[in-house]
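Here are some notes to read alongside the model. Keep the structure open as you go.

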Amino acid sequence: MSVELKQRAAEIIKRLKKAYPNAHCALNHKNAFELLIATILSAQCTDERVNIVTADLFRKYHGPEDYLKVEQTELEKDIHSTGFFRNKSKNIQG
């Protein structure tokens, strides 16, 4: 990343923090990978539902390897209530 892009990114972050000083993420997560999974599940679904599903999901699957080892049909069952579960499970395993 060029110095110019880094400076631009820093300025954008500064302005966002000023405009939204109390902003927080509504999706429960402990690390960037969990946030990625929660974000995939959030498409066409409420944050509340995603948080319910990920509470169990994050206890069952601890890292990327676990999501790759499981059969897609089992993952689909685990995330079914978020809707579009077939596409979401493909995206997670992809």
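How many salt bridges does the count come to? The count comes to four. Keep in mind that this is a predicted model. The points below start with salt bridges, then turn to helices, loops and surface.

1. Start with aspartate 56 and arginine 59. They form a salt bridge, and their closest N and O atoms are 2.6 Å apart. Why can these two meet? They sit three residues apart in helix 3, so about one helical turn separates them. Aspartate 56 is partly exposed, at 48% relative accessibility. Arginine 59 is exposed, because its relative accessible area of 56% is over 50%.

2. **Lysine 60 and glutamate 74.** Next, look at lysine 60. Its side chain meets that of glutamate 74 in a salt bridge, at 2.8 Å from N to O. Glutamate 74 belongs to helix 5 and lysine 60 to helix 3, so this pair ties together parts that are 14 residues apart in sequence. Glutamate 74 is partly exposed, with a relative accessible area of 34%. Lysine 60 is also partly exposed, at 37%.

3. **Lysine 60 and aspartate 78.** Lysine 60 has another partner. The side chains of aspartate 78 and lysine 60 meet in a salt bridge, at 3.1 Å from N to O. Aspartate 78 counts as partly exposed, at 24% relative accessibility. Lys60, Glu74 and Asp78 are linked in a network of salt bridges.

4. Where does helix 3 bend? The bend is at threonine 54, and it is about 30°.

5. **The buried side of helix 3.** Which residues of helix 3 are buried? They are Val50, Asn51, Val53, Thr54, Leu57 and Phe58. Note that Thr54, the site of the bend, is on this list. What do these buried residues pack against? Their neighbours are helix 2, helix 4 and helix 5. Helix 4 covers residues 64–69. Helix 5 covers residues 72–79.

6. **Serine 89.** Now move to helix 6, residues 85–93, where serine 89 is found. Is serine 89 buried or exposed? It is buried, because its relative accessible area is 0%, and buried means under 20%. Which residues does serine 89 touch, leaving out those up to four places away in sequence? It touches Gln72, Leu75, Glu76 and Ile79.

7. Most residues other than glycine have a negative phi. Glutamine 44 has a positive value, near 55°. Glutamine 44 is exposed, with a relative accessible area of 68%. Phenylalanine 84 also has a positive phi, near 45°. It lies in the loop between helix 5 and helix 6. Phenylalanine 84 is exposed too, with a relative accessible area of 54%.

8. **A nonpolar patch.** Turn to the surface. Ile12, Leu16 and Tyr20 form a nonpolar patch there. Together they have about 320 Å² of accessible area. Take one of them, isoleucine 12. It is found in helix 1, residues 3–19. At 41% relative accessibility, isoleucine 12 counts as partly exposed.

9. Finish with asparagine 87, which is found in helix 6. Its relative accessible area is 46%, so it is partly exposed. How far apart are asparagine 87 and lysine 14? In sequence they are 73 residues apart. In space they are 36 Å apart, C-alpha to C-alpha.

Terms used:
Residues numbered from 1 in each chain as written. Predicted model: local features only at pLDDT ≥ 70, side-chain atom pairs only at ≥ 80, totals over all residues. Heavy atoms only, no water. Patch = residues over 30% accessible without salt bridge, like charges linked within 9 Å, V, L, I, M, F, W, Y side chains within 5 Å. Areas by Shrake-Rupley, 256 points an atom, 1.4 Å probe, with all protein chains shown as cover. Helix = DSSP H or I, 4+ residues; strand = E, 2+ residues; numbered from the N terminus. Buried < 20%, exposed > 50% of the residue type's maximum accessible area, 1.4 Å probe, protein only. Contact = heavy atoms within 4.5 Å. Bend = angle between axes of the 7 residues up to and from the residue.
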